[in-house]
Every structure is written in structure tokens, then in C-alpha cells.
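Hello,

Here is the structure I promised to pass on to you. Have a look at it first, and then read on for what I found.

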Amino acid sequence: MNNKVKLEQVNIHFGKTHAVRDINMSFPENSVTAIIGPSGCGKSTLLRSMNRMHDLVPSARVTGKILVDNGDIYDRGVDPVAIRRRVGMVFQKPNPFPAMSIYDNVIAGYKLNGRLPREEADEIVESCLKRVALWDEVKDRLKSNAMMLSGGQQQRLCIARTIAVKPEVILMDEPASALDPISTLKIEELIEELKERYTIIIVTHNMQQAARVSDYTAFLYMGDLVECGETKKIFTTPEEKRTEDYITGRFG
Amino acid sequence: MMNGMAFRKVKNHLMSFVMLACTLAVLIPLALIFVHIVKMGISSLSIDFFTHIPAPTGEPGGGMANGMLGSLIMIGGASLIGLPIGILGAIYLSEFGGSRMSTTIRFAADVLSGTPSIITGMVAYTLLVVPMKGFSGLAGAVALAMIMIPIVLRTTEEQLKMVPGSLREASLALGVPFWRTSLKVTLRSAMSGVLTGILLAVARIAGETAPLLFTALGNQFWSKNVLQPMAALPLQIFSFAIAPYEDWHKLAWAGALVLVSVMFGLSLTARYFSRSRQAH
């Protein structure tokens, strides 16, 4: 399988803190890769380097290469805005735009960047909301405020908003950790479906979730990549003692 | 045990009373001013007051319509100059700043908003009135804008800083450039708070008199040309109040009533905006 995203010797510093160390790994196309590890191990930091979200933090420094389709996204002359259109992101806490309707939230990526013809917008809204299985729940109140939705619905709306701009890779930063079990299940089912079209990289605290949704798993500990490989293998016969200890709940 | 409890209760009542007294100490002067102005001014309020210019000395009637128009023009002009500078400056401070430059700007804004407004008037006099060889509404508007900018700048900055970072990230992650995110997501989310700040700034400059003495000067007649001396409500109140005629004093009271009512209205509207924001 093709490697959609590839990390080569990635190091991330915040000021004097060395948050992520010498990461080499790749993320196969149309698959789900989970990044697991205890709090503060650098999972989210690593994830956010893949669509250049760290550009906003003046003290952050990313070195090494992060290749998307073999192009280094940190190369000189690469526009982070263009990268973020190809590499979308879903955040831990659902963050729909509070001043916008459900409808406008789905097409926010277009509206904020300019205009979108009405017919095209209708089409995008319907197809994206259907793909995140939210259409039936909201089709009669598309014009109402997005904050009226439940947390789980809001998160699915955020996923709809992300896929509306047709990214190639979707980064998910603990997308279900703020949700109830039923909503979590819905998100997990959704991830399973989304991988047919997108390459998904998900950070999660929840090991069962990693086991359920991912094809590949990477275990990060204190900024180091301890082990990565097929999820089945990581969870049944890990090579590293630390991985085994973490998965069996001996620390973390 | 009971003794300690009883003492605590007494202390509680005592402190409640002190706080009530402090609140009243704030409210009573306001009420006194308002009641007095209404009492003195209401009898001179008439349609004429809002539609006529001051009558020649000795003639009855007349109004302050030219002053109100002049104030509107100068407040409008000050807003045209001050709002873009204040709001865009606030976006710079809140979204792009973080350097020594922004610390300097913030400090300058704080000093500027603490500057006595008569000084602001003198600055506008030196910058505009002297080179243009004449008092003008334009100079008045610039002086008012100088008072407005630091207020709008700091309130807008505070409001922008309250917008959660997750909203900016949501927009950026959709491939929206940072500047568009600042304008369309961050500023828009903070809009009701920004509007409140704008209204309070307008209320503040609406009553400014000192900076206009050196710039707009005032005008007894209709004054629509911004390059000519221009009438303003607070200026008219001032000159009528110090005039030796009883009926002019009455008009000054009526003018004061209008001015206070406008500011009251603006403050109430501002409160409405900040309320509706909290309801979200």
C-alpha cells in the first residue's frame, strides 16, 4: 500500500522543551493509524505538526521531514494554508462556529474563503451531512444555530465540515474523548467508513478505541516512538516491553 | 459558640449595609444630576429646539438643531477615522502581536486615553487648524477620533482575546488564511462585545467639549461644510450657559438634557449588546 504521509527524523521543540524525538514512521493511504500513549507523550504535538498547526506558536520548532505524497510540507515556499486544505483536522472538543447555522458550518471552509453558488452549497451540505450520518437528524433545521446540537452531533458536524473541503488526510485529535459512549460509537463507525476515501490519523487515549478503529498503531512514550505496526500485532504480540506494559494497563 | 455565631451575623449585616451605602453613594449623584437636568430642561424642549438654529439675541424661541447636526457630522467623521484604526489595530495586537512593538502600542494607547481631552484638542489645533488657517469640523472630528481610537483599540483587543483559540484553529484547519480567520471568525465572534465598546466610545466623544473649543470652535448658524467652523451640541451648551441671558440658560439646560439622554440611550444599547452575548 502507498504511504500517504511519511515522517523522517521529526523533532519538535517548544522553546527548550524537546517534545518529540527522532520520529520515523509512515501512514499508509486509505487506512486508519492510531497514535496512542500516556498524557504528555507528544501524541497531539506530533499530530499537529502534520498540518502545520504549530506555525501559530512562535516558540515551536519542527525539524526533519514530513512528507505528504512525497512532498515535504515544511519545505521553503510551501504555503501552510494549501497544506491545511489537503490535511484536515478534527479537534478534541467539538468546535463548530457558534455564530453560524448548521448549514453554514458545513460549508464554512468555502464561505470563509469566498463565495459558493447556492446549488453547489446545497449539494455539499446534503452529501457531507449524509456521510457523517447527521442528515436525518438535522435536515429540518439546517438554518438553526449549530450550538443547538448535542456534543456528539456537533462533532459529526465538525467532521462534515472537514470532509466538505475534500482533504486527502484527516487528523483526529481524540475526537471522541468529550463524548458519551453512543456518540463515540457513531464516530468510530464513521471513521471506519471514511477511510475508504481518506487517510486517517487518530490520536486517542482510549486503547479499546485504537484497537477497534485502527489498522495500524503507533505507541509514543515521552516523545519517543516506541513501536509501530499493525494494530493486531501491537495489541497481541508487541515487541517492546514498554508497549506491553502500557497496553495491559501497567502504567499510563 | 453561640457568641461567635452572633458576632458573625452582626458583622455580616454591617458589611452588607456598608456595601449598600457605597452603591447608593454612586447612584444618588447620578439620580440627582438626571432629575435636576430633566427639571430644568424639559420646559424648553420643543419641536423648535430640534429644528431651529439659535434665535438672535433678545428674540424668543430658537433651538440647537445646528449643534446636533454638527455633533452628528463630527461623531460620524471621528468614527470613520477612528473605528478602522482602532479595530484593525486591535486585531494586530490580539492576533499578530506579541512583540515589543505591541507592548509599545498598548502603552501608547493607555497614555493617550489618559490624556486630558483639552490636550488632544490642542494637538489637533496644531496639526490641522494652524496649517489650514482656520477652525473646522474636520479638525473637530480628528480630535474626537484621537480620543476614540485608544478606547476602541483596547476594548476590541480584550474582546478578541476572549475568543477561544479552538475557533481560530477550526478555521485554520479548513485552509482559511490567518488574516481571513481574524476578520471572519475571530472578529465576528467578538462582534457584540466590540459593538459595546464602540457605543461606549461614541457616548464618550459625544459629550466632549474641550477638544472642540480649539478645533470646531462652534457656529451660530447651520454648518454643514466640514472645512468651516462647525456647531456642536456640547459647545452650544457651554456658550449658552455662560451667556448673560435667562432664556439662553434654559436652552442650555434643554441641550444638556438631550445630550445626557443620548448618552443614556447609548449606554443602555451597549448593555443590551453585552447581555445578548452572555445569553449564548
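At what angle do the axes of α4(B) and helix α6 (residues 137-161) of chain B cross, and within what distance do they come? They cross at roughly 130° and come within 8 Å; axes here are lines fitted to C-alpha atoms, for helices over the stretch in contact, and angles run from 0 to 180 degrees between N-to-C directions.

Before the rest, a word on conventions. This is a predicted model, in which local features need pLDDT of at least 70 and side-chain atom pairs count only at pLDDT 80 or more, while totals for chains, interfaces and linings use all residues. Residues are numbered from 1 along each chain as its sequence is written, and chains are lettered from A and ligands numbered from 1 in the order in which they are written.

Back to the helix pair. α4(B) and α6(B) are oblique to each other, because angles under 35 degrees count as roughly parallel, over 145 as roughly antiparallel, 65 to 115 as roughly perpendicular and the rest as oblique. The crossing is left-handed (the near helix is turned anticlockwise from the far one by less than a right angle; clockwise would be right-handed). On the α4(B) side the contact is made by B:Ala109, B:Leu112 and B:Ser113, and on the α6(B) side by B:Pro150, B:Ile151, B:Leu153 and B:Arg154. Two residues are in contact if their C-beta atoms, placed from the backbone, lie within 7 Å. By class, the residues of this contact are five nonpolar, one polar and one charged (Ala, Val, Leu, Ile, Met, Phe, Trp, Tyr, Cys and Pro count as nonpolar, Asp, Glu, Lys and Arg as charged, and the others, Gly among them, as polar).

Helix α4 of chain B spans residues 100-114 and includes B:Met101. B:Met101 counts as exposed because it has 12 C-beta neighbours inside 10 Å; a residue is buried with 20 or more other C-beta atoms within 10 Å of its own, exposed with 12 or fewer, and partly exposed in between, with C-beta atoms placed from the backbone.

Now for chain B as a whole. It has 12 helices and zero strands; helices (H or I, at least four residues) and strands (E, at least two) are DSSP runs, numbered from the N terminus. Its C-alpha atoms fill a box of roughly 70 × 65 × 30 Å along the principal axes, and 41% of its 280 residues are buried. Of the contacts in chain B between residues at least 6 apart in sequence, 73% join residues at least 24 apart.

Chain B is assigned domain 1 (2-44) and domain 2 (50-278), with bounds from an automatic or database domain assignment. Their centres, taken over C-alpha atoms, are separated by 32 Å. Each of the two domains gives seven residues to their contact, and the domain 1 side divides into five nonpolar, two polar and no charged.

Finally, the two chains. The contact takes 20 residues from chain A and 18 residues from chain B. On the chain A side, α2 (80-86), β6 (87-90) and α4 (108-111) give two or more residues, and α2(A) has the largest share, three residues. In helix α7 (residues 165-173) of chain B, the buried residues are B:Arg168, B:Ala170, B:Ser171, B:Leu172 and B:Ala173. They pack against α2 and β6 of chain A together with α8 (178-189) of chain B. After α7(B) comes B:Gly175, with a positive phi near 80°.

Best wishes
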